[in-house]
Amino acid sequence: YHREILEILHQPIPTRTGQDGQPTLEIDPPVLSLSHEAYDLWVKFYNAVEAESGPKGALRSIVGFANKAGTHAIRIAGTLQVFRNFDATEIGLEAMHDAITLTEWYLNEALRLSGMAEPNRDLSDAQAVWGWIQDKGLTVVTLPDVYERSIPSVRSAGRARRVMHILTDHGYLVNGNPDKVNPAVPTLDGKKRSKEFWRVAA
């Protein structure tokens with residue numbers, strides 16, 4: 001590896017020629033095209049990633065990174081091709097195959113890290129909601145109060161319920177109506193009533 005890198009570093013740097021016929025300091029790198037086989041393989045990879053980037057796809061949680069996977073694969077393939085043959089003018093099938101393998105590894109790592117970050121987001125939101133409850137001086141909190149009036153990242157009933165369960169599990173709150181048999185309590189604005197509510201633990 002080190003020998004190959006040294007050989008590449010010792011290659012003359014291609015530069016543009018000025019109007020006077022003399023070389024300039026402007027770099028003029030050669031253009032790498034894709035072979036037909038490499039292009040066909042890349043298209044299959046691109047389409048597969050795109051198909052998994054939708055709302056129900058396996059890559060939905062990292063869609064921002066996944067949308068750039070095709071570009072990353074081509075850039076990696078170009079790097080691998082030049083490393084193998086500094087004078088190459090075309091990205092071959094082997095380089096593209098290896099580049100896609102590497103890009104898939106990065107996609108899987110992004111998925112893994114995304115899965116690790118999600119619980120941290122839950123705890124962060126729960127802490128923020130608890131701070132909101134304390135700032136308001138509340139002793140009773142309804143589900144609509146949480147997703148309509150608390151922090152911006154909790155704006156659905158499902159998300160609010162998840163956060164409230166975390167606060168309950170950690171002993172900050174007590175479910176005020178676990179069996180849904182107690183009467184509903186009013187929300188903060190008094191415009192509606194809810195049977196899903198929690199009390200601040202004593």
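**Salt bridges, one by one**

Guide: Start with Asp98. Its relative accessibility is 24%, so Asp98 counts as partly exposed (buried is under 20% relative accessible area, exposed over 50%, partly exposed in between, with a 1.4 Å probe and protein chains only). The model is predicted: local features need pLDDT of at least 70, side-chain atom pairs count only at pLDDT 80 or more, and totals for chains, interfaces and linings use all residues. Residues are numbered from 1 along each chain as its sequence is written, and side-chain values use heavy atoms, leaving out hydrogens and water.

Now the partner. Asp98 forms a salt bridge with Arg84, 2.4 Å from N to O. The term means a side-chain nitrogen of Lys or Arg within 4 Å of a carboxyl oxygen of Asp or Glu. Arg84 sits in helix α4 and Asp98 in helix α5 (residues 93-136), so the bridge ties parts 14 residues apart in sequence. Helices here are DSSP runs (H or I, at least four residues), strands likewise (E, at least two), numbered from the N terminus. Arg84 is partly exposed, at 41%.

Next, go to Arg159 and Asp125. Their side chains meet at 2.8 Å, N to O. Arg159 belongs to helix α7 (residues 157-169) and Asp125 to α5, so parts 34 residues apart in sequence are tied. Arg159 is buried, at 11%. Asp125 is buried too, at 7%.

Arg161 and Glu196 make a salt bridge of 2.8 Å, N to O. Glu196 lies in the loop between β8 (193-194) and β9 (197-200), so this pair links parts 35 residues apart in sequence.

Some bridges join up. Asp145, Glu148, Arg149, Asp189 and Lys192 form a network. The count comes to 12 salt bridges.
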